[in-house]
Amino acid sequence: QLQLVESGGGLVQPGGSLRLSCAASGFALNFYAISWFRQAPGKEREGVSCISRDGGSTNFADSVKGRFTISRDNAKNTVYLQMNSLKPEDTAVYYCAARRTLSGAACYDRAAEYVNWGQGTQVTVSS
């Protein structure tokens, strides 16, 4: 059974850091492009970052550029989102999503392009 599990969320003070993990089971992640999305209360789900199958292509939302990085370790079947200089407006539930693709370099940043989703992990940035 194909499954994505996010972890690493929590409560952090403004300016702090967190590293989220997205671990895949039941399938080989190296056939999939991966994206992180987030949804704050009362707001629509928004794309945060995506990474191609080969890890060579990445995209970031303007709101997180320069603060967040995305990486993948296909040997560990895991994708990471490193979040630095966190702000209160980063507070949301963070989800990872996977899309199987033949393209090694494609990065997909729209939620509608993904079928496989994790359950989400809460990130709260507050003093």
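This is a predicted model: local features need pLDDT of at least 70, side-chain atom pairs count only at pLDDT 80 or more; totals for chains, interfaces and linings use all residues.
Strands β9 and β11 pair in the antiparallel sense over three bridges, where strands are DSSP runs of E with at least two residues, numbered from the N terminus, and two strands count as paired if DSSP finds at least two bridges between them. Within this pairing, the bridge partner of Y94 in β11 is T121. Residues are numbered from 1 along each chain as its sequence is written, and side-chain values use heavy atoms, with hydrogens and water left out.

I turn next to the open sheet. Four strands make up this sheet in the order β1-β3-β8-β7, with antiparallel pairing. Its edge strands are β1, residues 3-7, and β7, each of which pairs on one side only. From one strand to the next, the twist averages 15 degrees, with axes taken as lines fitted to C-alpha atoms and angles running from 0 to 180 degrees between N-to-C directions. Between β7 and β8, which run antiparallel, there are six bridges. In that pairing R72 stands opposite V79 in β8.

Now the charged side chains. A salt bridge is a side-chain nitrogen of Lys or Arg within 4 Å of a carboxyl oxygen of Asp or Glu, and by this rule the count comes to six salt bridges. One of them joins D90 and R38, with the closest N and O atoms 2.9 Å apart. Why does this pair tie together parts that are 52 residues apart in sequence? The reason is that D90 lies in the loop between β8 (78-83) and β9 (92-100), whereas R38 lies in strand β4, residues 32-39. Both D90 and R38 are buried.

D90 also forms a salt bridge with R67, where the closest N and O atoms are 2.7 Å apart. R67 lies in the loop between β6 (58-60) and β7 (68-73) and D90 in the loop between β8 and β9, so this pair ties together parts that are 23 residues apart in sequence. Both R67 and D90 are buried. Salt bridges that share partners join R38, E46, R67 and D90 into one network.

A further salt bridge is formed by E113 and R110, with the closest N and O atoms 3.7 Å apart. E113 is partly exposed, at a relative accessible area of 21%.

I come to the aromatic residues. The structure holds four aromatic pairs; rings of Phe, Tyr and Trp (its six-membered ring) pair if their centres lie within 6.5 Å, and planes under 30 degrees apart count as stacked, over 60 as edge-to-face and the rest as tilted. The rings of F27 and Y32 have centres 4.6 Å apart and planes at 65 degrees, so this pair is edge-to-face. F27 is buried at 11% relative accessibility, and Y32 is buried at 8%.

The pair of F37 and Y114 is also edge-to-face, because the centres are 5.7 Å apart and the planes stand at 75 degrees. This pair links distant parts of the chain, with F37 in strand β4 and Y114 in the loop between β9 and β10 (116-117), 77 residues apart. F37 is buried, with a relative accessible area of 2%, and Y114 is buried, with 5%. Together with W117, F37 and Y114 form one aromatic cluster.

Which residue lies over the face of W117? It is R45, at 4.7 Å from the ring centre; a charge sits over a ring if NZ of Lys or CZ of Arg is within 6 Å of the ring centre and within 35 degrees of the ring normal. R100 lies over the face of F31, at 4.9 Å from the ring centre.

P41 is exposed, with a relative accessible area of 75%. P41 and T91 are 50 residues apart in sequence and 9.0 Å apart in space, C-alpha to C-alpha.

Technical notes. Buried means under 20% relative accessible area, exposed over 50%, partly exposed in between (1.4 Å probe, protein chains only).
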